[in-house]
Structures are given as C-alpha cells and as structure tokens.
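Biologist: I am new to this structure and would be grateful for a close look at a single part. Please take chain B as the subject.

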Amino acid sequence: MTVTAPARGRVEVSGLTWRPYGRREPVLRAVDLTLTPGERVLLVGPSGSGKSTLLRALTGLLGSVEAGELTGSVTVDGAGPGARPGTVGLVLQEPGAGVVAATVGRDVAFGLENVGLPREAMPDVVRRSLAAVGLGGLDLDTPTSALSGGQTQRLALAGTLALDPSVVLLDEPTAMLDPTCAAEVRAAVGALARDGGRTLVVVEHVLGPWTDLVGRLVVLSADGRVVADGPVREVLAAEREVLLGMGIWVPGAPPPEPLVVPPGLCTAARAPALTAPPFGVDRTTRHLDGTARTVRAAQLDDPLAARPGTLTTLVGPSGSGKSTLLAALAGFLPTTPEAAVRVGDDTVPADLDAPDLARALAWVPQWASSTIVTDRVLDEVLATSRALGHDDAATHDRAHRLLAVLGLEHLAEADPRELSGGEQRRLAVAAALLHGPPVLLADEPTVGQDRHTWAAVLGLLDAHRAAGGAVVAATHDANVVGRADVVHRTDAPPRPPDPPPTRTPLVARCGPLALLATAFLGIPAGVLSPHWSTTLLVVATQVVLGALALAAPGDGPGPPHRLRTVGLRLLPGLFAAATTAWSTWLLAGHDLDIACTVGLRVVVIVLPSAVLVPWLDPDRLGDHLAQRLGLPDRPVVATAAALQRVHTFGAVWTEIGRARRVRGIGVSARHPRTVAAHLAASTMGLLVRTLRAAAELAVAMDARGFATAQRRTWWAPAPWRWGDTALVLLGLLPLVVAVTAR
Amino acid sequence: MATTSTTYEPPPTRRSITATRPLMGWRTVDILTVAFLGAAFGVAFWAWGIFYNGPVTALQIGYAPLLGLFVGPWLLAGVVGGLVVRRPGAALFCEVVAALVSMIPGTAWGAGVLFAGILQGLGAELAFAILGYRFFGVAAAALAGALSTPLEWLYETGRFPDSWASIPVLSSFAGNGGYYAEWVWRDKLAYLGCMALSGIVLAGVLAWVVTRALAAAGALSAFPPGQERRESRAV
C-alpha cells in the first residue's frame, strides 16, 4: 500500500438557497450537504429540481452568469471553492460547450495557461491528463473539431484534471451521447474514481450505468430540497417509488407505457408517403485558406419509405450522419443521386414553397431551440397552423390540450427561449404536430426527458401514427428503437484518405502580425497613389509580390486553387473599385482620369488583403496579439475563442432559415417584408444562441481559472521569424513606388 | 360645464442601471459576451453584405452620397456591445471583433474594414464615455450611433490639401485621399448627413431595440438590460 496524499475534496454546503431574479420560488432551498474526501456521489432529481444549479454553486460560479439572490455557504476544504483556480472541475452536458481552443493540446493546457505554469512544463501535464481519460493516443495537434462527442467530453474532463482538482463535477456528461460514446466517458470517470483522492459528483437522469461507479445517492425534490441521501443501493431500494414518481429512470424498472392521448388531438393529413431510394449526402468543407474538400457525410443504404402509421428509426453512432439524413429527407440538403427524396411520385421537398413543405412534413431538429419562431409558447405551437391559415377556436383548443399532454400548459404564456432544453424539445414536438403533417421527421425526440415526459412524447408519436401519420426518428434511445416498424442502421461513410500534403506557399511561413501589418500597408499605398499611371505601377508591383507570396518552391503537388481563392476574395473589392470609379466620374466633373485613379486606388487597398488574409489563423493571431503586442490577455483569448466558433454561427443561421421554412414561414424576393422579417428573425436567433454559448463557455472557462488569469502563460510561442521581416519589407515596396514614381 | 382637474404626475426619471462596480472589473461573461456578440455581428455583416450590394450599385449609379443611409447596420455591433455590457471599452471591443470577423472571408474593403471598425468603435465608445457610462437609454444609443460615423467619414472622404505639394515629405500626400476624396464638399457633407442619420436610426435606435428584445428573450439576465427588464415587470 502506498502512502496516499492528504485527503482533500471535503465539500460543505450549508443552508444554500438560490432564487434567480425573475422567479418567485427559489430553485434551491436550504440545502445542507457534506461530502467527504474521495466520496463518489450521484445527484438526481426531476427536471428543474436545481441539480445543475447545485453543481454551479459547488464551483463557486453561481451568480457569475445569472443574477439572483444567494444565501448560505459552500466551502471546499475549508476555503471558498474559487480560492485556488481549478480546485473544482466542471464538465458540462453539451459536448463542445467548454471547448476553448482549436487543438487538443492547447485546449487541455488552457487552465495551466491561466495559472501561469511555465510553457516547458505544460506538455507533460497535458499528456498525463489525456492519458488519464483514455485519450493518450491522440496527437496534441488533433483539431478539437475532429473529435466525437464522447471524446469531446473526455477532453473536457482532461482539461479539468490538468489543474489537479480536489472535486470533479459532471453535469449529465452522457445525456447527448450514443451508447458507445457514453460507455467511453463512464470508463474514464470510473478510472478517475478508482484513482481516489478526488471527490466526484455526477448528475444524471438515467441511473443504471452509474450505480456501480458511485457510493452515495442524493435526491433533490422538484422544489429544490434534499429529500433522500445515503448509500446508493439502500436509497434505490427504500425510495424506489418516490424516484419513479419523480420520473427518474430507476435501474431495473421497465420503460413506462406511452401515454394514451385522447383521440382527435392528433390529426394527420392523408398524403402520399415520403420515399427515398438509397442515397448519399456530400458535404463540402471550405477552409480558411480557400481550399475545399468534399466528403460523403451520410449514406442511406436501404430504400426508405415513411408510410402512414409507421415508425421508422435511424440508428447508429454519433457522427454517422443520422441528422444529416433527416435534413436531406426534409429537402434541406442536396442528395446524390439528385432529387432522391420524393413526396409521392414526382414531388421533391426541396422544390416546395414554405407552406407546401409544411403541409408535406414537419421537422424537430437536434437543437430544438433553433426552431423557435415566436416569443410565446402558445404562439409557437400555433405558428405553422397560422401560416397555413388555420387560426380558429378548435385549433387553439387543440394547442392547449397538446401543451397539457406534454406538461407545458402552465408555460403557455412564457417565452419559449426561456424554457429548459427538455421543455424546448417537447415544445418542438407539439409545434410540429398541431397542423397534422403526414410525416414527422424527429431528431432525438426523447433526449433529456424523464419517464413522465418520455411517456407523453411517445404517446403523441403513437397518436400521430394512429391518425395516419408517419414518423421517421433519428435516435439513440433503445426503447424508441424497440417500438419501430423499420430500423435503418447508419454508419459513418468511410473517409477518403487525406490528399497528399501539398507544398506550402511562401506566405504560409509568415506569422499573423506580419500578415496583418502587410495587409494594412495597402491602405497608405492606395491613399498615397497619385495619378492612375503611377497607381498602375503600384498595382503591378503588388501583383508581382502577390505571385511571389503564393509561390510554393519545392517538390510534391502544388497547393490547389491559389489563384481562384485570391480571385474570389478580390471580387467584392473589384466591384467596389468599379462603383467608386463610376460615382467619382459622375460627381467629380465627368473626369475619366480622376475616375480611373480612384478606382485603381481601391484595388491597391484591397489587393494585399485578398492575398494575405486567408492565411491568418485565429489561435496564432491570439498568441501574437497577446505576447508580441502586449494586448490584454483575457480579451484576446475571448476573441480567439469567438473566432474559433464563427463557422458554427453560420450553421446556426442556416438552421434558423430551415426551421422557418419547414414551419411554413417563407421568404420571397417579391415581398420585401418577408425578407426583412427573415433577416431580423435570423439575426435575433443567432444573437440569442450566441449569448447562450458565451454564458456556457464563461462558466467552463471560469471553472478553469480564467476569472483570475491576470498573468497568463501561453501554450504556443509567438516567434517573429525572418520571413515576417521579409514580408513587411516587401510589403513596403508598393508604398515606396507610390511615393517615388511620380 | 363641469371642469375636471387632473393631477398630473411627471413620469419618474428613468435612469439606466449601470454595470457592477468597478466599471473596469470585467467579468469573464462580460468579455466573452462582447467577443461572441462581435463575432455574430461579423457573420451578420457578411450576410447583410449580400443584400447591401443591390442598393449600393443602384445608388452608386445615381447619387452616391445617399449610400450613407445604408451604413447604419455596420455600426450596430459597437452600440449593442456598449448597451449590453456597459463597461468602458465594450463598444470599441465589440465593433473591432465584428470587423475582424467580417474581414476574414473577404469583403469589398479588405483590411480596411478592420481599420474602419476601429474608427467606428471609437466613435461609439466616445459617446458612452461622454455620458460617463451612466446613461444607456434610447437617446444615448442614438448618440452612440451618430458618433460612430464622423471618423469613418473622414477616412472615406478625407483628402490631403493640394497646398502640401510645396512642403518636402508631405508633398507626396498632397491631393490624395480615401475612397471618395474627389467629391466636392457639398456631396461629402451630404454623405456625412446621410451617415449620421443612418447611424442614429439603423445603429442607435435599432441597437436599443435589439438590446431590449434580447433582454425580453431572457438572454441578458447577467447584464444590466436584463435587470432593467426584471425591474420594469416587477411592479
């Protein structure tokens, strides 16, 4: 037996009460809880019982992103939970919500940077932390975006382990994962638990797989009190009925029977079936440097037919393309072969206008929050019916009854964006079914539901089928798959081998500051260019330098599409040059000389950016801005994190547009009002989602010591190389030409 | 004829709720929110750019200074950033991130868009600074929108004087300038007027509306606008 480190991780919660502003009732009421060092605790309770809130209180972050009234105290080993950064580690429910960097190594090192660990010491700690969660085989340069959901959750765990926490908190870490990924995460948590010396608190709905990993079970009631607490088996045995009454998935209990929904609540228009022969969906990824790569994102191997009254499920591991196939069935994505998906014999969903699409099918997307199109729950349910012209008393009555079945009636007047994730998903189901579409395409309709709400959702799906509707669901839920008439298994299409590495252009060897500075040099060069004859010379110099920058000496295949990339980026600039020249000609005395001068000036300003900006890398830009220019660390890190996620914003924008379309709310260029409404709604939706993401990330970052990171160190150095000097010097050349060649 | 007398109560003066003290004590959620808002606006800028091309072309063919009427949306980020977080630097930070993000996929202005973002953000920041970071109502928003424009206008229309031609070194500047340097003063001033008007309406007032809508959606509960909304409902 080895000598163990002094026990740490003693958590004492006393009299903790929390009421967020704007709520009448507290979420947590006088919670008293003592966790001994090394204890492993499972925390359960019905939806909305304040489990996540209690976890945040344990990190000391309650109130940091939400305002409210807090009384009572939380201490970890006698001190406040935030006394030492990283004392309390937190893993969030949504994979990726806490990812801060583009590469695995950098992400794990985030906490180490915040506490100012010297760079040389980082790789060891990072490798150890990754090995502890079973990710030791990953290259430190692996992009975080290439990880599966399970790997991403384990990455988050490794990130907290790097700071050697005394307490590790996991907030439904497997709720959004497929069974294989969930098992990987549990294995990593199990290894952590065996290692001892750390207190562990897990929040979960589905208890079965966790009961062997934990020793103690704490149950919170719907009104935020601790109602049961003790050894896990004893509590399960003694409180079984209470737990089942709360809707908790108690191990060994058979799945609940679907709720019997009154007839007439669900209608489904008689319509020809939605059918598709085997098809594939290709996805083209465009990289910042302008190159694009097309890979098969999803593949349907057998013909699919959503016939009236049937439930078809798509099953397969996360990332195998189930969501993509559903989106293609709804007509949002092009298929190979073209127009594979048909409604009836000859109608292609993609060709339908918004109301006709809504009449043909409904869609509940994976992120239910993005289909929200109104600001009142009742309106949300009615939106599609209204778009289709059904706004009568009978429809309203059915809307209320649908909400009642799903346990949302008391929220009918609330703003749907303020609901919890599980509530939003149920709302999306109600909103999809009210107008009686013949086909419902549902992406994970049961995620995050307790036994009661699960039974309600299943009951509605059954009622929809009984009324003659069809359901196609992508799901990990074995209890749903077990009820299906047809099961389609999807596997991730094999990735084609990566293309052989290409030669890198000279410009790729330059750092971000030199790229930015040289792009900026286009501005004085343009402003100082006098007559068009000189300006032409300046442009010629820039073209020669641009060709040099993009030259890629050496052996091997050349980098693809260099000219096309520059051309595409130059296009808006050339457009601006032409219109500016024209307006100058018009307003400044119809002088062709001056007009040409001004137009060329714009070209001089824009050209360097078109060549250089594609090579800017957000992470490296952050490194250099903070380390070389001495800009304040925290804003720089936040900006780099935001830049990292820009591509997800584009995806959100697209998804909002799809949701509106399938809800029957169309956009037509002939009706400017619909265009304005669409832009406004998309922008607002994007902003709301963005703010949520920022708040989540703030919690994850603070749990890793970001709040107190005044003197950070950096995972990656920010060297200024000779190539940078060369680039800036050459970049000055057009300016010199502009000033001297007159 | 009966006379009725009504006691007229003046409406209570509506003061804005300021950020928690110290004003420069940025919380992580403040920093991330401004950065993310900026990035989201950057994406929106880029999407709006597609719609912007239409009026731009039409107006450039007609009377180009009217183009100023369409600059407002590009100034939104700074004003919204300032209205949400209410700390010194928020407006500038938000607008610069938005400009940076819209620069990366390539715009009609190249790296100039980042420079413009700094100028516009500085203008909005100036407005909130003048008000001591204490007022964030619709008038403050309108002022921030209006002040976002002059520096940008100077950059786009500035022209170095011809008289510099005789001065050594400065001679190379003489007669040169920005995009619209060659316009006559009347057109340049018309352009400034259009920009300011657009700044007031499409950046200032619209930013105020957007902020209120975000607060109504429950997305600003950690920020002063969220608190204002809660207090206005808790009668």
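What percentage of the 235 residues in chain B do buried residues make up?

Modeller: The model is a predicted one. In chain B, 56% of the 235 residues are buried. The secondary structure of this chain consists of 8 helices and 0 strands, so that, read from the N terminus, its elements follow the order α-α-α-α-α-α-α-α. Of the contacts in chain B between residues at least 6 apart in sequence, 70% connect residues that are at least 24 apart.

B:Arg87 and B:Asp30 form a salt bridge, in which the closest N and O atoms are 2.8 Å apart. B:Arg87 belongs to the loop between helix 2 and helix 3 (90–103) of chain B, whereas B:Asp30 belongs to helix 1, and 57 residues separate the two. B:Arg87 has a relative accessible area of 2% and is therefore buried. B:Asp30 likewise counts as buried, because its relative accessibility is 1%; the cut-off for this class is under 20%.

The surface may be considered next. Chain B has an accessible surface of about 9800 Å², and carbon and sulfur atoms account for 70% of it. A nonpolar surface patch of about 750 Å² is found on this chain, with B:Leu66, B:Leu69, B:Phe70 and B:Val138 among its residues. Other members include B:Leu197, B:Ile200, B:Val201 and B:Leu202. Helix 7, which spans residues 185–216 of chain B, makes the greatest contribution to the nonpolar patch, with 7 residues. B:Leu69, by contrast, is located in the loop between helix 1 (28–61) and helix 2 (76–85) of chain B. B:Leu69 counts as partly exposed because its relative accessibility is 31%.

B:Tyr180, B:Trp183 and B:Tyr191 together form one aromatic cluster. Over all chains, a search of the whole structure gives 13 aromatic pairs, and a search for salt bridges gives 33.

Terms used: Residues are numbered from 1 along each chain as its sequence is written. Chains are lettered from A and ligands numbered from 1 in the order in which they are written. This is a predicted model: local features need pLDDT of at least 70, side-chain atom pairs count only at pLDDT 80 or more; totals for chains, interfaces and linings use all residues. Side-chain values use heavy atoms; hydrogens and water are left out. Rings of Phe, Tyr and Trp (its six-membered ring) pair if their centres lie within 6.5 Å; planes under 30 degrees apart count as stacked, over 60 as edge-to-face and the rest as tilted. Patches are made of residues with over 30% relative accessible area and no salt bridge: like charges are joined within 9 Å, nonpolar side chains (Val, Leu, Ile, Met, Phe, Trp, Tyr) within 5 Å. Accessible areas come from the Shrake-Rupley method with a 1.4 Å probe; for residues, only the protein chains shown count as cover. A salt bridge is a side-chain nitrogen of Lys or Arg within 4 Å of a carboxyl oxygen of Asp or Glu. Helices (H or I, at least four residues) and strands (E, at least two) are DSSP runs, numbered from the N terminus. Buried means under 20% relative accessible area, exposed over 50%, partly exposed in between (1.4 Å probe, protein chains only). Contact means heavy atoms within 4.5 Å.
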